[in-house]
Amino acid sequence: MASIKKQYELEGLCCGNCAANIEREVGGLDGVLSASVDFPSRLLTVELTGADFAESFADQAGKIARRHDSGIQLKEREAVQIGRKVLYLSGLGCADCAQKIEAAVARLDGVHAAGLDFVAQKLTIETLDPQKMPSVLRQAAQIIREIEPDVEISYSQKAAAEAEENGNKRWLRRAGLIAGAVLFVAGMVFPLPQPYHLILFLVSYLLVGGDVILRAARNITKGQIFDENFLMGVATIGAFCIGDYAEGVAVMLFYQVGEFFQDLAVERSRKSISALMDIRPDYANLKVGESVTKVSPEEVGIGDLILVRPGEKVPLDGTVVEGVSSVDTAALTGESLPRDVEPGSRLLSGSVNINGLLTVEVTREFGDSTVTKILDLVQNASGRKAPTENFITKFARYYTPTVVFAALALAVLPPLLLPGAAFVDWINRALTFLVVSCPCALVISIPLSFFGGIGGASKKGILVKGSNYLEALNNVDTIVFDKTGTLTKGNFRVTRIAAENGWSEEALLRYAAHAELYSSHPIAVSIREAYKSEPDAAQVADYEEISGKGVRVKVQGRTVLAGSGKLMESEKISYQASSSSGTTVYLAVDGVYAGSIVISDEIKPDSRQAIRDLKAAGVRKTVMLTGDNRKTGEAVAGELGLDEVYTELLPQQKVEQMEVLSKQIAKGGKLVFVGDGINDAPVLARADVGVAMGGVGSDAAIEAADVVLMTDEPAKLVSAIRIAKKTKSIVWQNIVFALGVKVLILVLAAFGLANMWEAVFGDVGVTIIAILNAIRATQGKDL
């Protein structure tokens, strides 16, 4: 039975430690192959053994989530299905109108089924022909607006009502906090006799921390003891029990204020990361005849015409049919230099039209567009966790129980073993231990740091598919480059024609152009361009490609061999090896050598500096693999300053060479392969980190690699490594700072030199500082 992948949104998740526990417990359920909770995006991603198990899984996962935090709501993220689309109708309050909408949409041409869930305000449409979906969506939107003009149509689920409800809860919580703080100040200023003194502080305590005590009690009934609510409750109630009323209220007040600022910092960091990828277009200007209508990008189909005005985002991939302009592709490539477009130019969604009015013919639907693929990639990247994240998750499981038991020992053992030791004094020290026993600073800030690093890299045109790959870029030992299209431009041109055995240069080039008629390889294209005429397909027959060597074909009835020296040798044809620098194509006609054509490539302008910068960044060895001849490969490697070069390699030999290089890697080091994403899949898969260049518009590159450089610049790889190093530096700053402060407070508390005020700072204060530090990773700046 095939496994299935599902994603669930954990609405209301605000505790990083809870996220780690939910991930662990969900991963242990029967039928779950893998589970990952991404705290920054509040997303649970699971791989299940089959569809049958999926029905019961949601209930089990929901119970686990609510056991850790009763406010969490588990909602399945709608999976994109071809021929199926969900519209969310916010504000739909008329059941009769809902029935009319459902009936009218169901009657539309091309609709297989339509169902409107009035309670969930959700309209589901299915079509037999996926190509008709954009047209159906436009008609459905028009029907909805005619029947219910005030309904807001959305193609992604909104939670406005829940946001309003949560907003009311927040205001009640703040009001209680303020009232409690006023009573606390009154208790401190006005000396009152007992029991009024106790009553005033008790009411203040319940107003300030009542929700914490309730959550703790609820979680205890569900078996969750070692959470921050329980620990803070025990610490402050313990303060009341030993007569420190004011300290008990003050610590809870400080904790709640800190929690408020912590939630604010987390939310702002989420927003700042989301803003980095704010490239999703909000609408498209659909042109039908002379009329232009503003519609959702999902309502536009292949072949439709859209209008893109100056200053607007390009909503879908397409080809310019009218107009001249410059477009800003910075959101896709990280490059600030605008690109000029004219009729016939390819236009990618997510770029911004700068100054001209463009009419564009759509070539891809929105769900398959460049901007959608990039957004999906970045948003799902944090599901692949870095080793450091996994370590912190495991560490947190043992840290809190260890500190709690240490606090228990601190409260009980010294008074029993040390003469003159008072229980009250040691209990107070133990309560301070409890306050700093929550690892929130780590379990919140570490995922945020990696998530921010990935977002910052994407802003520079570097797409990293997981925090595990971002961390791996810190330990690069060897980088292996493909030559053509990676270190060189891939713009081949014929630089020399050497005709032999009575052949003329013109005749040799004509036969070569016809022999390479059906090949899309850049070398074949350059030969046809040099011929300057269109080869006649009627003259070509029996085309056969010989893997890694060349082609055999009949041109005008004569058998032509065109390819490398290995092809000549395998066919037992005597030939004159070329001494020219460049790629040489040898030709033989009817078994007799006819001559050679030399094609040269140009090194990219930033390749030399990129190799130098990689060395400076700590890369031990740089290697180039190429199918070119030895002379050409060594010339390029020498010019760039590469450490090793392996030439005349067939595709399978490149994989074999990667195996050899992997055995030479230093302990803990990583092997990186960099190619253009074309025919590199086996080599990319063999590397620890596969990097594809020129990802803009290339589905193959985006699918095949672990890291995608959206432009053709090798220097982007240097930026990726520097961003990775900066991100890891921030991660370890947070780890050392958080643990350092907590250990310091634990030691001081054990000797009676720290109270619960300092302990609250060691918990909430440190968390806020760590989160603010994590936000720096979003800037995507090199070290």
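Which residues in α7 are buried? I started my notebook with that one.

**Ground rules.** I'm looking at a predicted model, where local features need pLDDT of at least 70, side-chain atom pairs count only at pLDDT 80 or more, and totals for chains, interfaces and linings use all residues. Residues are numbered from 1 along each chain as its sequence is written, and side-chain values use heavy atoms, with hydrogens and water left out.

**Entry 1, helix α7.** I looked up the buried residues (under 20% relative accessible area, with exposed over 50% and partly exposed in between; 1.4 Å probe, protein chains only). In α7 they are E228, N229, L231, M232, G233, A235, T236, G238, A239 and F240. That makes ten of the 14 residues, so α7 is largely enclosed by the rest of the structure. Helices here are DSSP runs of H or I with at least four residues, strands are runs of E with at least two, and both are numbered from the N terminus. I also checked the length: α7 (residues 228–241) reaches 20 Å from first C-alpha to last, close to the expected 20 Å. The expected span is 1.5 Å times one less than the number of residues. Just after the helix, G243 takes a positive phi of about 95°.

**Entry 2, strand β28.** Next I went to β28 (residues 670–675), where five of the six residues are buried. Two strands pair if DSSP finds at least two bridges between them. β28 pairs with β19 (residues 476–482) in the parallel sense over five bridges, and V476 stands opposite K670. Four bridges join β28 to β29 (residues 689–693), also parallel; there V672 has V689 as its bridge partner.

Then I found six strands in the order β10-β9-β11-β17-β12-β15, with antiparallel pairing. The edges are β10 (291–295) and β15 (346–347), each pairing on one side only. β9 (residues 284–288) meets β10 over five bridges, with N285 partnered to K294.

How many cavities of 30 Å³ or more does the structure hold? I found one. A cavity is a set of points on a 1 Å grid over the protein atoms alone where a 1.4 Å probe fits but cannot get out, and lining residues have an atom within 4 Å of a point. About 130 Å³ of space lies in the largest cavity, the volume being the space filled by probe spheres set on the points, which are joined across faces, edges and corners. Of its 15 lining residues, A20, K385, T393, V443 and P447 are closest to the centre. The largest share of the lining, four residues, comes from α1.

Terms used: 1 Å grid on protein atoms, 1.4 Å probe; cavity = no way out; pocket = protein on both sides within 12 Å on 5 of 7 lines; lining within 4 Å.
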